[in-house]
Structure formats: C-alpha cells, structure tokens
Amino acid sequence: MKDGLVIVDKPGGMTSHDVVSRLRRLAGTRRVGHAGTLDPMATGVLVIGVEKATRLLGHLALTRKEYEATIRLGQTTVTDDAEGEITAAAPAGGVTREAIDAGITRLTGDILQVPSKVSAIKVNGVRSYARVRGGEEFELAARPVTVSSFTVRDVRREGDDLVDVDVTVECSSGTYIRALARDLGAGLGVGGHLTALRRTRVGPYGADLARTLEQLTESFSVLPIAEAAAAAFPRWDVDARQARLLGNGVRLDAPPSLGAVPTAVFGPEGEFLALVEGREGQARILANLA
C-alpha cells in the first residue's frame with residue numbers, strides 16, 4: 001500500500017472514526033488517521049492519511065474551511081442542530097430577507113463565538129458533550145474565530161412559522177456552523193438550528209478530489225504523498241548532498257526564504273524527503289519521510 005492521503009466524501013450518519021475504520025480495512029493497514037473531524041450529521045470532505053502520510057496530518061494547514069449548510073429559523077434545539085430535541089419555538093414567518101442579511105452581516109468577519117455545548121471541547125478535563133448528557137449546567141467561554149464569507153443562496157418558507165436559509169460559509173478552523181445557526185436565530189428573536197451541513201473544502205483539498213466510500217471500495221487508491229505535500233506546503237528543492245544529509249537526520253542551513261512554517265523538502269529526483277521549519281538559521285526536521 002502506497003503512502004498518501006485519501007480525500008473522502010463522508011456520508012451522513014457516520015463518525016469520522018467510522019470512516020477511518022472502513023479505510024483501515026480497504027487499505028489493509030492500521031496506520032490510518034484523519035484530520036478535521038466531521039459530526040455524524042455532516043457530509044463532505046474528510047482528509048485521511050494512510051501509512052507515512054499520517055505523519056503529515058498534524059502539520060497540515062487546514063485552517064480554512066468551506067461549508068454549505070441549511071439553517072432553520074423558528075426552532076431552537078438542545079444540540080443546535082436537527083439531531084437534538086426542540087427546546088423552544090417562535091413563529092419566523094415574519095422574518096424578512098433584509099433582517100436575515102443584516103443578521104448574517106453581524107456574524108461575518110472576526111467575531112467571538114460561544115461553541116455549541118455538544119462540542120468536543122474539554123471543560124476541566126471532561127468533554128463538553130459528556131457534561132450535557134449528564135445534565136450538568138455550565139457555560140463555555142467565547143472564542144475568537146474568523147468567518148471570511150457568509151452568504152445566502154436561497155430562502156424558503158416552510159409553512160407559516162419556519163424559514164429555511166441555505167448558506168455558504170468560509171471560515172477559520174474552530175468555527176462551529178451550528179453555533180452560527182443558533183446565533184443567527186437568536187439575533188432574529190426566533191431561534192435557529194442547523195438542519196444540513198456539507199463541508200466542501202478543507203485547506204487545499206476540495207470536493208472535486210473527494211471520493212465516496214462506495215467508489216473507494218470498488219477501486220482504492222491514495223493521493224501520493226509527494227503530491228499531497230506539494231499541494232499543502234511551501235516547497236524547498238535540495239541537491240543530492242543535502243538530500244543525503246537530511247536523510248541522515250542532519251539539520252541543514254536554512255535558506256532565507258525558509259520561515260517558521262512547515263515546508264516540504266524535495267530531492268533532485270522530485271522525491272518527498274521531509275517536512276522542516278526554519279529556526280535560528282537552520283532547517284529543523286518536523287517529519288523525516290526519506
């Protein structure tokens with residue numbers, strides 16, 4: 001089995017760990033991991049590493065993400081999405097498109113966001129969702145996130161009391177789309193929750209690269225590790241002598257262009273050798289793939 005990434009189009013109803021388990025069987029190895037967890041309700045792009053590529057996952061700059069979502073106005077749920085029970089309802093039929101646009105504008109840019117209580121954030125060492133299941137009352141602190149783009153694709157009236165808003169969101173890692181749905185509804189005075197979520201991009205990997213589990217079952221393959229690294233990191237090409245030293249774990253003198261960000265090093269034959277970062281004039285090895 002070759003080393004590389006698999007960009008999976010995750011189906012709804014499966015956890016990210018479920019997908020990893022399936023790919024372990026398809027790849028014939030236990031060295032499989034994922035980056036950027038998706039909730040069971042969500043579908044779309046999930047980045048999976050196989051064999052040596054698992055060593056890249058913690059360094060991938062998957063900070064920019066894109067989603068397509070549907071927000072239902074008029075109902076609040078305990079989980080801020082359609083999987084939780086409804087805790088409150090208010091007629092949303094009178095909410096105008098202008099009010100929706102204004103509410104979305106307030107949630108765009110650099111904002112402070114309180115994560116959903118059913119998130120995996122730890123509170124005193126215990127996952128937030130576990131505290132919710134235990135009936136505990138607590139509050140989560142707001143965190144800075146960036147919503148680069150929050151646009152409306154469609155607005156649909158569902159009867160007299162509910163409004164469904166289809167949106168596209170580009171945001172930083174750590175942004176909760178469920179929380180955007182909750183806060184949009186709260187700001188409009190009618191409550192809101194998420195009814196559908198699809199991730200269409202994570203870092204440089206888009207839905208155009210994603211394959212379904214059915215497709216992978218029929219023909220399993222990976223995005224070769226060299227291609228994956230070239231797409232995700234700045235590139236530094238070295239000569240044969242430098243490649244040999246790097247393979248022996250020797251720190252190389254860093255070129256002026258090498259900064260304190262992970263950089264992919266390629267040898268004279270185009271082979272992917274390592275991830276490094278610049279530190280005190282030298283190239284510190286983050287992961288040696290030679």
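Which backbone nitrogen does a side-chain oxygen of Asp-239 reach at the start of α7? That of Arg-241, to within 3.2 Å.

Some ground rules. This is a predicted model: local features need pLDDT of at least 70, side-chain atom pairs count only at pLDDT 80 or more, and totals for chains, interfaces and linings use all residues. Residues are numbered from 1 along each chain as its sequence is written, and side-chain values use heavy atoms, with hydrogens and water left out.

Confidence next. pLDDT is the predictor's confidence in each residue, from 0 to 100. The protein's mean is 90. Of its residues, 92% reach 70 or more. Among the elements, helix α3 (residues 128–133) has the lowest mean, 63. Helix α2 (residues 97–106) has the highest, 98. Helices (H or I, at least four residues) and strands (E, at least two) are DSSP runs, numbered from the N terminus.

Back to α7, residues 240–247. Its buried residues are Gln-242, Ala-243 and Leu-246. Buried means under 20% relative accessible area, exposed over 50%, partly exposed in between, with a 1.4 Å probe and protein chains only. The three cover an arc of only 100° around the axis, so they sit on the same side of α7. That arc is taken over the directions from the helix axis to the C-beta atoms. The cover includes β15 (235–237), β16 (252–253), β17, β18 and β19 (282–288). After α7 comes Gly-249, with a positive phi near 80°.

Now α6, residues 225–232. Buried here are Ile-225, Ala-228, Ala-229 and Ala-232. Their arc is only 95°, which puts them on the same side of α6. Among the elements covering them are β1 (4–10), β17 (263–266) and β18 (272–279).

On to the cores. A nonpolar core is a set of buried Ala, Val, Leu, Ile, Met, Phe, Trp, Tyr and Cys residues joined through side-chain atoms within 4.5 Å. The largest has 45 residues. Leu-23 and Leu-73 touch the most other members. Strand β11 (residues 162–172) gives the largest share, five residues. A second, separate core holds 23 residues, including Val-45, Leu-56, Tyr-205 and Ala-229.

What does Leu-23 contact, leaving aside neighbours within four places in sequence? Val-6, Val-8, Gly-28, Val-32, Ile-48, Leu-213, Leu-216 and Phe-220. Contact means heavy atoms within 4.5 Å.

Last, Ser-116. This residue lies in the loop between β7 (109–113) and β8 (122–123). Ser-116 counts as buried because its relative accessibility is 0%. Its side chain comes to 3.2 Å from that of Asp-80, in a polar contact.

Terms used: A polar contact is a pair of N or O atoms within 3.5 Å; within protein, one must be able to donate a hydrogen and the other to accept it, and residues adjacent in sequence count only if both atoms are side-chain atoms.
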